[in-house]
Amino acid sequence: MTDTIFALATPPGRGAIAVLRLSGPAVESALNAIGAGRLKPRMASVRALTHDGASIDQALVLRFVAPNSYTGEDAAELHLHGGRAVVEAASQALIALGLRPAEPGEFTRRAFQNGRMDLAQAEAVADLIDAETTAQARQALGQLDGQLSATYAGFRRDLLLALALVEAEIDFPDEEVPDNLAQTAGPVLDRLAEDLRRAVAAGRRGERVRDGYRIVLIGETNAGKSSLFNALIEREAAIVTPIAGTTRDVLDADLVIGGYAVTLSDTAGLRESDDPVEAEGVRRARRRAEEAELRLWVRAPGDPEGVAADYVRAGDLIVANKSDEAAAVFEHPGLEAIRVSSRTGEGLAELHDWIARRLAVDLSGADFPAITRERHRLRLTEALEAVEAGRGALSIGPEMAGDDLRRAAGALGRVTGEIGVEDVLGEVFSTFCIGK
């Protein structure tokens, strides 16, 4: 990493302040060249920036000395006035001095490579930038603070302890080591396997906080799904008519309930149809219902249970719609029901509160820091399978167990980037914005 890089760390366009970040070995010489030399580290100073005799801006400048910077390298920030011309002039000056524009995620990649954070923490930076809800921000901050990494480190310590016991019997068979030393690794591996099972089982929770919890409205035709959809998102997004089968496709809307990101989906009424367009809409509705974390089964007075009943699961909710027209209350084994009227607003606040409580139950578990990415879940699953194989192999011989446990160590190491990370670095950092 001999290049010195720079990038705009604030949103592009007109604004009060624009911050240019610099990082690399030539930071100090670049600052001297534009009139910002002799700065005390970590102390903001006002400097008149110039290049080739032309004024750039009156700026606030901060300098950070390696390794005490975000990237672990010499770094600086130029706090400029936010006009496009000012940013362009400063950028052209830096390029003329031999600096180059940063690639997406390059600042955080350098922080990772210089040991300022591990790979899971680096991913948390991207999640924090993208966070749109308090729950997403809270989860990302916990991961950035090292909570998830600390949990993975605990898994790795247990695994290395078991591996050390196994390796000792393999490497020193003629030394004075206890008989069947490798067998003492059994309880350690049992505990580790159970912890990994819990982690994998809870794995979808963090991904749902990060990507959004999926709620789908299902029901027969003319049950009032589209009216309820519009009422919940508080705008006229879905077409509403008295004609059965008006909704032909899945309509999604993003909203925030109880601090959590939610994707709410309106779907076609579930019924058999000879119309190929409506049949395709029904097929898509069924698929979306199967993928959802929660289904709201919307029913109107006079509705039969129909085919929609096939897609509800324990924990889903019956929404008895059109309660202003008839006081029908539906019952189904194991399901709660709430009466609402999309037209008058009756029951909508109660429905909103019910969903908020459900989100808190499903997404706010505190017993295990949540896995936030599929990459983590796949690696933990791989580690669990290897640990279980190693546990079974102990009865055959330490050599067989050792191979499995080394495979498990490799899988865990790839989560935080301790070993074998080159194959995942590009995927991780390509999602970053330029100034990070």
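Predicted model: local features only at pLDDT ≥ 70, side-chain atom pairs only at ≥ 80, totals over all residues.
Helix α7 spans residues 185-201 and contains 17 residues. The distance from its first C-alpha to its last is 24 Å, close to the 24 Å expected at 1.5 Å a residue. Eight positions need to be considered together here: Ala185, Gly186, Val188, Leu189, Leu192, Ala193, Leu196 and Ala199 are the buried residues of α7. These residues lie on the same side of α7, because they cover an arc of only 150° around the axis. On the face turned away from this buried side, α7 carries the exposed residues Pro187 and Ala201.

Lysine 225 belongs to helix α9, which comprises residues 225-233. Although lysine 225 is buried, it has no salt bridge. The nearest side chain of opposite charge is that of aspartate 266, 5.6 Å away, whereas a salt bridge requires the charged atoms to be within 4 Å. A polar atom of the lysine 225 side chain does, however, lie 2.9 Å from the backbone oxygen of glutamate 220. When neighbours within four places in sequence are left aside, the residues in contact with lysine 225 include Leu217, Ile218, Gly219 and Glu220, together with Asp266, Thr267, Ala268, Gly269 and Val298.

Glutamate 382 is located in helix α12, formed by residues 374-393. Its side chain is joined to that of arginine 414 by a polar contact of 2.9 Å.

Key. Residues numbered from 1 in each chain as written. Heavy atoms only, no water. Helix = DSSP H or I, 4+ residues; strand = E, 2+ residues; numbered from the N terminus. Buried < 20%, exposed > 50% of the residue type's maximum accessible area, 1.4 Å probe, protein only. Lys, Arg positive; Asp, Glu negative; His and termini not counted. Polar contact = N/O pair within 3.5 Å; in protein donor to acceptor, adjacent residues only side chain to side chain. Contact = heavy atoms within 4.5 Å. Expected span 1.5 Å × (residues − 1). Arc of directions from axis to C-beta.
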